[in-house]
Amino acid sequence: MTAIPVQSESAGGLQVRDLALRFGGVHAIRDVSFEVRPGEIFAIIGPNGAGKTSVFNVITRVFDPSAGSVMFKGQDITRTPRHQVVSQGIARTFQNIELFEGATVLDNLMLGCHRFAQENFWGQLLWSPAVRNTEAQLRAHVEDVIELLDLAPHRNSLITGLPYGVRKVVELGRALATRPQLLLLDEPASGLNPEETRDLAFWIDDIRSDLGITVLMVEHDMSLVSEVADRVLCMNMGQALSTGTPAQVQSDPRVIAAYLGADEA
Amino acid sequence: MRFDYDTSYRDGKRLLRYPSQKLAYALLALVLLAAPWLLPKYYVGELSYLFILSIASLGLMVLSGYTGQVSLGHSAFLAVGAYAHAWFLSQGLPFAASILLAMAISALVGLALGLPAIRVSGLYLAMVTLAFAILIEHVLGRWKSVTGGFNGLPVADPVMLGLDLSGLKSFYFLCLACLVIVLVLLVNLMRGKTGRAFVGVRDSEAAAASLGIWVAGHKVLAFVISAAVTGFAGALMAHHVRHLTPEGFNLLLSLELVLMVTIGGLGSLRGAVLGAFLIGMVPALISQIKPLLGERIAKQFGLEIFFFGLILAVFVLYEPKGLNGRWLKIKAFFETFPLYRKDVFRRGKTYMKSERYR
């Protein structure tokens, strides 16, 4: 396991400053600032269309922000090329599962290790001993993830044949296989049954406490959020409404107004 | 019944894991090695041609089957490889150097096409590659000083290490060896990092980018590899046809290649070879069954195209996974006998992706 760096203890925090994202006249995000501290589980909640996923997409560089900056571990990643975000230690999952459907669970997870695969092109053509060693190392690393998430029964199944709940777990596993310091989970519990959601809550907690990974998640399931999140940011119409502990945010009148409509009286 | 029982992480990547597989491939090798002495002359020539088509089909499979980029212009790469090889031979270069240079030139042309082409996908990419093929055909027709124009370009006999390889049997073995080499190299590439990344780019560009895969780079790389392999096949094809004309590399050839990879089963190298054999044998089969069809039908023009269409329609309806899919089912039937269940291969649910960004 020499090729893969061991998780460093001092996983850095994420600072988002005055972030704005406009598509023409549509303000998807307006002046949102927040900070995710190292080792924290931070949740973003808000009604549909609040701009939660857009924040994720700006952090992972799918979109260029119109203004503002994203700092991770003290480095500005606002202009990092999209495929290099993961080498900064940021991994993500997607709201609508984006797995490689024509590949097996194992290959999906192996793709999570893509950034550690130091394989020479000509070596790959000849299947050289060096490449074979790297592949075995990656496999050993992937097996750790498989064990953590109980994916062993599905190891060699194609994604197309898997039920939705398992796909969600595979996607989480694929993100973990990148050995991130910051994990972005976009609605990890959507479409899961209560039992699967409970497993997920344990896993998220384990990911933080055992692997030392900072977690930033977008989630609608408030019971999951209050169970695992340390702090919560509530967004509405692209703006940050309130930040605090789950209980604080839930009792904030502005948050209640955003969800239920304002009571003018 | 057979269970995969891995005792090492390397087992999963091994190609011939079981004695039965080794036996099967050894038998296949034996048959292929003995074929020139067992088959009538005509069929030996046909088999060599099928090997060449298989290489071309493998080239397109890398692009279409693994990275999901459609190309309707692969006959252009065959043409570039064939003409480059013939020209280098006419300049007195040795066979091996000439064929490698032809490959390199085809790869460069692939790079030149790939760089702009990756900006579009799907139907638009098909259009771009189609236009490219038409363009190349015209260039070959007009650039008379190099290509001989529509009069054609004669191809020198293949001579390697003082051995004349133009004979029926020796050319057969040359093509067979080339196919085996290309196949093994591609199998290796596809089970390593690059092949996985190709599949990743095909199935979800958003996820691939988030995992650190340089999507544009891999798409271009697929174009280059595909062009190089197809150009290699073109160089061999030059010896098969012996006299190159631009019409020999028309759109129908491109379409045949697309048929090969689709009917073979997208995303499988085995499929590429099986597809090339099936489609490549259609003309010979038609001439065999012509006497049975009656005079009216047998005289019809375009019987081949009709059969191509028929085969495609049957496969799309009944076996969308192609010959490779059928092969896997037959294999599973025997491996799990007597517990085979049809539903194992039922098409899985696909969950709609409502929000796709690229």
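Two residues are in contact if their C-beta atoms, placed from the backbone, lie within 7 Å. The model is predicted, and in it 41 residues of chain A are in contact with 33 residues of chain B.

**The side of chain A that touches chain B**

- Three helices of chain A, namely α2 (105-112), α3 (121-126) and α4 (129-148), each supply at least two residues of the side that touches chain B.
- The most is given by α4(A), which contributes six residues to this side of chain A.
- By residue type, this side of chain A comprises 18 nonpolar, 13 polar and ten charged residues.

**The fold of chain A**

- Chain A contains nine helices and ten strands.
- For 265 residues, a compact globule would have a radius of gyration near 18 Å, and the 19 Å of chain A agrees with this.
- Along the principal axes, the C-alpha atoms of chain A fill a box of roughly 75 × 40 × 35 Å.
- Of the 265 residues in chain A, 43% are buried.
- Among the contacts in chain A with a separation of 6 or more, 68% join residues 24 or more positions apart.

**Confidence in chain A**

- The average pLDDT of chain A is 89, and 94% of the residues score at least 70.
- Over residues 5-11 of chain A, pLDDT stays under 50; for this stretch the model has ten contacts beyond four places in sequence.
- Where pLDDT is low, predicted coordinates should not be read in detail.

Terms used: Residues numbered from 1 in each chain as written. Chains lettered and ligands numbered in written order. Predicted model: local features only at pLDDT ≥ 70, side-chain atom pairs only at ≥ 80, totals over all residues. Helix = DSSP H or I, 4+ residues; strand = E, 2+ residues; numbered from the N terminus. Nonpolar A, V, L, I, M, F, W, Y, C, P; charged D, E, K, R; others polar. Rg over C-alpha atoms; globule rule 2.2 N^0.38 Å. Buried ≥ 20, exposed ≤ 12 C-beta atoms within 10 Å, placed from the backbone. pLDDT = per-residue confidence, 0-100.
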